[in-house]
Amino acid sequence: MEYVNFGFVGSLVLLVLLFLWAAIKILREYERAVVFTLGRFTGVRGPGLIILIPFVQQIVRTDLRTIVLDVPTQDVISKDNVSVEVNAVVYFRIVDPESAIIQVENFAQATSELAQTTLRSVLGKHELDEMLSERDKLNEDLQEILDKNTDAWGIKVANVEIKHVDIDESMVRAIARQAEAERERRAKVINAEGEHQAAARLLDAARVLSEAPEAMQLRYLSTLNVLANEQNSSTIVFPFPIGLGDWLAGRKNEGPTDAEARST
């Protein structure tokens with residue numbers, strides 16, 4: 001009769017299970033495994049089921065999904081010497097797992113630090129008005145610089161968005177006064193342009209009326225019609241022919257005639 005050593009069999013089964021647990025890895029669709037064999041890089045595997053040699057091969061998992069990085073608030077001095085507080089958000093992802101693991105110790109921290117310094121250096125070259133009105137251009141500049149500098153780390157910066165530009169309260173009041181002065185300037189310019197155009201149109205009208213004296217009489221009649229429709233009893237209108245005024249002015253310049261001089 002044979003006796004089965006259940007302790008030995010149980011130990012053997014346990015070792016097999018431990019071996020399989022260490023050898024078989026399952027990676028999700030968005031994960032990749034950077035494999036090291038005896039400390040040397042031997043490839044990138046995944047997704048799905050991968051088999052490793054236990055205690056000889058090790059893996060480092062990487063996530064290929066887009067990472068949202070909140071850049072802490074930075075104190076920035078603009079080109080026109082205005083102190084502002086700016087924060088932003090960076091969207092990036094790993095496109096080369098090998099470089100992201102081998103070339104940099106902590107790609108997330110490195111990207112965060114680079115984003116902070118780039119944010120200060122880029123915004124410091126622009127004036128406050130540009131920060132407030134040209135955010136799209138600044139976002140593109142930041143994204144281009146970050147993407148270029150993180151390319152060696154296997155990082156692709158997809159987008160950079162400036163979230164807030166906080167200004168001191170005193171500067172807010174100064175900007176409000178500046179905006180009010182700018183609106184007043186535009187109002188005065190528009191009013192002056194209106195006066196200039198009105199004067200030009202009046203000059204054109206006077207030239208047209210001077211070419212046809214009958215047109216002035218028609219203008220008189222039109223004005224009388226308007227006044228009559230207003231039914232204003234306190235208004236009395238005396239039409240005065242323009243020709244009579246010219247004749248009187250001419251008589252004044254010519255002086256008295258010979259007959260008038262003899263009678264006096």
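1. Contact, as used in this note, means heavy atoms within 4.5 Å. The model is predicted, so local features need pLDDT of at least 70 and side-chain atom pairs count only at pLDDT 80 or more, while totals for chains, interfaces and linings use all residues. Residues are numbered from 1 along each chain as its sequence is written, and side-chain values use heavy atoms, with hydrogens and water left out.

2. Thr150 touches Thr111, Leu114, Ile155 and Val157, when residues up to four places away in sequence are not counted. Thr150 lies in the loop between H5 and strand S8 (155–167). Helices (H or I, at least four residues) and strands (E, at least two) are here DSSP runs, numbered from the N terminus. Thr150 counts as buried because its relative accessibility is 0%; the cut-offs are under 20% relative accessible area for buried, over 50% for exposed, and partly exposed in between (1.4 Å probe, protein chains only).

3. Asp151 is found in the loop between H5 and S8. With a relative accessible area of 57%, Asp151 is exposed. Asp151 and Ala100 are 51 residues apart in sequence, and their C-alpha atoms are 9.6 Å apart in space.

4. As to overall content, the protein has nine helices and eight strands. Of its 264 residues, 23% are buried. Among contacts between residues at least 6 apart in sequence, 60% join residues at least 24 apart.

5. Two packed helices are described by the angle between their axes and the distance between the axes. For helix H3 (residues 107–123) and helix H5 (residues 135–149), the axes come within 10 Å and cross at roughly 135 degrees. H3 is therefore oblique to H5. The axes are lines fitted to C-alpha atoms, for helices over the stretch in contact, and angles run from 0 to 180 degrees between N-to-C directions. Angles under 35 degrees count as roughly parallel, over 145 as roughly antiparallel, 65 to 115 as roughly perpendicular, and the rest as oblique.

6. The crossing of H3 and H5 is right-handed. The term applies if the near helix is turned clockwise from the far one by less than a right angle, and left-handed if anticlockwise. On the H3 side, Leu114, Ala115, Thr118, Leu119, Val122 and Leu123 meet Leu138, Leu142, Ile145, Leu146 and Asn149 of H5. By class, this contact of H3 with H5 has nine nonpolar, two polar and no charged residues. Ala, Val, Leu, Ile, Met, Phe, Trp, Tyr, Cys and Pro count as nonpolar, Asp, Glu, Lys and Arg as charged, and the others, Gly among them, as polar. Leu114 of H3 meets H5, and Leu114 is also one of the residues that Thr150 touches.

7. A search of the whole structure finds one aromatic pair. Phe36 and Phe41 form this pair, which is edge-to-face, at 6.3 Å centre to centre and 70 degrees between the planes. Rings of Phe, Tyr and Trp (its six-membered ring) pair if their centres lie within 6.5 Å; planes under 30 degrees apart count as stacked, over 60 as edge-to-face and the rest as tilted. Phe36 is buried, with a relative accessible area of 17%, whereas Phe41 is partly exposed at 30%.

8. Most residues other than glycine have a negative phi, and most peptide bonds are trans. Leu38, although not a glycine, has a positive phi of about 55 degrees; Leu38 is placed in the loop between strand S2 (31–37) and S3 and counts as exposed at 67% relative accessibility. Asn81, likewise not a glycine, has a positive phi of about 60 degrees. Asn81 lies in the loop between strand S6 (67–77) and strand S7 (83–94) and counts as exposed at 68% relative accessibility. Gly46 and Pro47 are joined by a cis peptide bond, with omega about 0 degrees. Pro47 is found in the loop between strand S3 (40–45) and strand S4 (48–51).

9. Two strand residues conclude the note. Ile26, in strand S1 (residues 24–27), is exposed, with a relative accessible area of 61%. Leaving aside neighbours within four places in sequence, Ile26 is in contact with Gly48, Leu49 and Arg61. Ile26 and Ile50 are 24 residues apart in sequence and 6.3 Å apart in space, C-alpha to C-alpha. Ile167 belongs to strand S8 and counts as partly exposed at 22% relative accessibility. The C-alpha atoms of Ile167 and Val84 are separated by 5.1 Å, with the two residues 83 apart along the chain.
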